[in-house]
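Please look through the sequence and the structure shown here before reading on. The report that comes after them takes up a few topics in turn.

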Number of protein chains: 2
Amino acid sequence: MHDLPQVPLPDDEMREAALARQLRLTKPAGALGRLEELSGWASAVQGRCPPTRFQRPTVVIFAGDHGIAATARTSAYPSEVTAQMVLNFIAGGAAVNVLARQAGVSVRVLDVSVDAEPDYLDAIAPEVASHRIRRSSGSIDKEDALTSTEVHAAFELGRVIADQEIDSGADLLIPGDMGIGNTTPAATLTGLLTKLDASKVTGMGTGIDDRTWMRKCAAVRDAMHRGRADLGDPITLLARVGGADLAAMTGFLLQASIRKTPVILDGTISGACALVADRIDYRAKLWWLAGHRSTEPAHTAALNHLDLHPVIDYSMRLGEGTGALLALPVLQAATSLLAEMSTFDEAGVSEQDA
Amino acid sequence: MHDLPQVPLPDDEMREAALARQLRLTKPAGALGRLEELSGWASAVQGRCPPTRFQRPTVVIFAGDHGIAATARTSAYPSEVTAQMVLNFIAGGAAVNVLARQAGVSVRVLDVSVDAEPDYLDAIAPEVASHRIRRSSGSIDKEDALTSTEVHAAFELGRVIADQEIDSGADLLIPGDMGIGNTTPAATLTGLLTKLDASKVTGMGTGIDDRTWMRKCAAVRDAMHRGRADLGDPITLLARVGGADLAAMTGFLLQASIRKTPVILDGTISGACALVADRIDYRAKLWWLAGHRSTEPAHTAALNHLDLHPVIDYSMRLGEGTGALLALPVLQAATSLLAEMSTFDEAGVSEQDA
């Protein structure tokens, strides 16, 4: 970790310039509500006012399985669904694909730690599995998710992927997730980092019943116990009770900030990774926008802890980057309004009575 | 009114088919939250499942001035701003223009009752003022907004405009408003129809100070007193305490429903007109989606009374159709997801454990 550059700050002068410009646009002061604040954020992260529309937003989906899903049966779906959904992403049939097409956004999927044969993608898209760190992560209630070597490799993988996308022109990154059982490590990390009890961060995930919830809650409690000693060392924490997909996403979020590239966070998984990344460098969150609020209690806990306010609140709980993609048109609208609306002077419109 | 056809019902079988199809898509049941409900509404109003994206959404802005703004000084802006903003809409520099361009939506502006010289648009866009009902509406705290002849002409104008747009291919209508002082009649109508006191429906409008709010509240109270006897006759109510722009928008909303054309409502003004239209035919609201929630208290009162749940809640208070336009990408996303996502069978994805 000692070689990680410090995250730079967004440009607060441009944020101020944006808010000042809002006052000259042909509308009552403040009438665009939250959109005015978003236009300030866009100006700050782009370092210019008015900001431009984001030209190349990119979703990267980090797919991985979790031993806990099989050993403690914490999910409503079998682990084989993770690999099946990776194929669905590649075929373009998943929710994230539909929303990304609508928004003109590209989607990249990475098998970071899926529990499938090494060659299952060879005939279709071998590059998707070419970075795999391991086959599923450990069952975190009773064993480490990753070895020390693996966690560093996964974290670096996320950083490299962010670099690749930014170097290819991405000007906004969206982290997506796919992994049966992944809300269990996310709840564990969130409980530890926000200092909440397991019962306050364990949710219904894909739609489990009450009995499964009790099992999941016990697993989160056991995992939190295993991870508590590592709170001072975020990377070790990811090895202990996270997973390869989560470690990669954490590296991805941090590297985006280091590269001054804004991020729209998605739901529970990216919220947990954001908490870990925030622990590593508290400036990183200045580059992040909370896309939506998931119904999972861990997500609300993470948003509160990070003091991030979601753009969308639609009772969604799908992951994949879907919540973030719904927020994107709102962010684009905020940038367009600031850039394209006429000012009072330009339009010859009278200003407010003194 | 006796010649107004009854509003038909949306297709509930298609709504049910949509919700059944949601269960077969490759995601946990219910994971798309509010979007699933929206896909059901889209299927019901289109009469088909899956629904298609809306191809020709159209904004129609009803512009009009209100005597109350001058006589009781209830606004932070002078009345001349209404005409200036009509010119701004025509030039494409207002917020509604920016959002409509982003969404690929056309904008039509109508001078229904602007307080400007009859020829102010002759050199630019004479058709915009060619339907004008009168120059400003009366000051509703002490006189009728419109004569009986005028209110019927305005109401019919709104119906004709809806017919024109639908006959030209519009498959979704968005009512926009512009008029200094227009939240005063909107608050009056809302107070009367939701049975709330003037102080509960009078808001800060364009951003007035406390002293102006007290004056506005007194004007709303006086106007509510003048209108109370006409609660049983919605068209007379519009003449007494509404305005030509509001009467036209009310006809527009009803005619859209009669023509089985869905509507995304905007803010406080369309909320008040929706209340009046609902009084005329309670089936009409089944064709309406609440686009957003304005910060004006009258708007929340109207939404509650109509039992409509806004898609967006961003503390906006601009009107023009801007709140509805922000909701449009969400509605389009909901239709696309239902139409384009793979089913479990198609994608070979395992379903939930029994």
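## Where the two chains meet

In this predicted model, 54 residues of chain B are in contact with 54 residues of chain A. Together the two chains bury about 4400 Å² between them, and 57% of that area lies on carbon and sulfur atoms. Tyr77(B), Gln102(B) and Tyr314(B) supply 15% of the area that chain B buries against chain A, which is more than any other three residues supply.

The rule finds 28 residue pairs in polar contact across this interface, with both residues at pLDDT 80 or more. Several elements of chain B give two or more residues to the side that touches chain A, among them helix H2 (34–46), helix H4 (80–91), strand S7 (312–316) and helix H15 (322–340). H15(B) gives the most to that side, with eight residues, and by class the side of chain B that touches chain A has 28 nonpolar, 17 polar and nine charged residues. The rule also finds two salt bridges across the interface of chain B and chain A; Arg101(B) forms a salt bridge with Glu340(A), and the closest N and O atoms of that pair are 3.1 Å apart.

After H5(B) comes Gly104(B), whose phi is positive, near 70 degrees.

## Two residues in loops

Thr74(B) has its place in the loop between helix H3 (67–71) and H4 of chain B, and Thr74(B) counts as buried because its relative accessibility is 3%, where the cut-off for buried is under 20%. A polar contact of 3.2 Å joins the side chains of Thr74(B) and Thr184(B).

Pro50(A), in the loop between helix H2 (34–46) and strand S1 (57–64) of chain A, is partly exposed, with a relative accessible area of 31%. Leaving out residues up to four places away in sequence, Pro50(A) touches Arg21(A), Leu338(A) and Ala339(A).

## Salt bridges within a chain

Over all chains, the count by this rule comes to 40 salt bridges. In one of them the side chains of Arg293(A) and Asp313(A) meet at 3.2 Å, N to O, and this pair links distant parts of the chain, with Arg293(A) in strand S6 and Asp313(A) in strand S7 of chain A, 20 residues apart.

Asp167(B) forms a salt bridge with Arg259(B), with the closest N and O atoms 2.8 Å apart. Asp167(B) lies in helix H7 and Arg259(B) in the loop between helix H12 (244–258) and strand S4 (263–265) of chain B, so the pair ties together parts that are 92 residues apart in sequence. Asp167(B) counts as exposed at 57% relative accessibility, whereas Arg259(B) counts as partly exposed at 31%.

Asp281(B) and Arg283(B) also form a salt bridge, their closest N and O atoms being 2.7 Å apart; Asp281(B) counts as buried at 7% relative accessibility, and Arg283(B) is buried with a relative accessible area of 16%.

Technical notes
Residues numbered from 1 in each chain as written. Chains lettered and ligands numbered in written order. Heavy atoms only, no water. Contact = heavy atoms within 4.5 Å. Buried area = accessible area lost by both parts, 1.4 Å probe. Salt bridge = Lys/Arg side-chain N within 4 Å of Asp/Glu carboxyl O. Polar contact = N/O pair within 3.5 Å; in protein donor to acceptor, adjacent residues only side chain to side chain. Helix = DSSP H or I, 4+ residues; strand = E, 2+ residues; numbered from the N terminus. Nonpolar A, V, L, I, M, F, W, Y, C, P; charged D, E, K, R; others polar. Buried < 20%, exposed > 50% of the residue type's maximum accessible area, 1.4 Å probe, protein only.
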